[in-house]
Amino acid sequence: MLRHVENKEVTGDSQHGFIEDKPCLTNLVAFYNWIAVLVDKGRAQRVAVNDLVFKRTPMMSGIPQGSALGLVLFNIFAGNMNHVIECTLSKLVGNTKLCGAVDTLEGRDAIQRDLDRLERWAYANPMKFN
């Protein structure tokens, strides 16, 4: 039956998974490529939550939120943030926390240096912290 479905092209090119040479990963890569092409063409995005729909905003760069590879690519992008920090940095997906003891002047100065470094990192890597 599988050979017949494959020979007669019943499923089409868009089907991935349980198809020879088209595992789930090829689905993710093909979809990501489609999104990347749209971003390169100046695609706009908008957010909708229940009945609330926000206006379209041009996407100049980045990975659309909710994309399959977005989290992996963000982790790679933000990975070098660790190299500039002397206090404790904790990242969970897009949330970044800086921690340090400020019970001494040295501790206060260290965390301030790290805040300054993170600000420079964000500026150099077109990223904003909330």
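**Entry 1: salt bridges**

I started with the charged side chains of this predicted model. How many salt bridges does a search of the whole structure find? My search turned up 4.

I looked at glutamate 86 and arginine 113 to begin with. They form a salt bridge, and their closest N and O atoms are 3.0 Å apart. Glutamate 86 sits in the loop between helix 3 (70-78) and strand 5 (88-92), while arginine 113 belongs to helix 4 (residues 105-124), so this pair ties together parts that lie 27 residues apart in sequence.

**Entry 2: another partner for glutamate 86**

I then checked arginine 117. Its side chain meets that of glutamate 86 in a salt bridge, at 2.8 Å from N to O. Here too, distant parts of the chain are linked: arginine 117 is in helix 4, glutamate 86 is in the loop between helix 3 and strand 5, and 31 residues separate them.

**Entry 3: a pair within reach of my pencil**

Next I noted aspartate 109 and arginine 108. Their side chains meet in a salt bridge as well, with 3.1 Å from N to O. I also wrote down a network: salt bridges with shared partners join Glu86, Arg113, Asp114 and Arg117 into one.

Which class does glutamate 86 fall into, with a relative accessible area of 43%? Buried would need a value under 20% and exposed one over 50%, so glutamate 86 counts as partly exposed.

Arginine 113 is partly exposed at 37%, and arginine 117 is partly exposed at 23%. For the other pair, I found aspartate 109 partly exposed at 32% and arginine 108 partly exposed at 46%.

**Entry 4: stepping back to the whole chain**

Finally, I looked up the overall layout. I listed 4 helices and 6 strands in the protein. In what order do the elements run from the N terminus on? I read them off as α-α-β-β-β-β-α-β-β-α.

I looked up burial for the protein too: of its 130 residues, 15% count as buried. The accessible surface comes to about 10,700 Å², and carbon and sulfur atoms account for 57% of that.

My last note is on contacts. Taking those between residues at least 6 apart in sequence, I found that 26% join residues at least 24 apart.

Note on methods
Residues are numbered from 1 along each chain as its sequence is written. This is a predicted model: local features need pLDDT of at least 70, side-chain atom pairs count only at pLDDT 80 or more; totals for chains, interfaces and linings use all residues. Side-chain values use heavy atoms; hydrogens and water are left out. Helices (H or I, at least four residues) and strands (E, at least two) are DSSP runs, numbered from the N terminus. Buried means under 20% relative accessible area, exposed over 50%, partly exposed in between (1.4 Å probe, protein chains only). Contact means heavy atoms within 4.5 Å. Accessible areas come from the Shrake-Rupley method with a 1.4 Å probe; for residues, only the protein chains shown count as cover.
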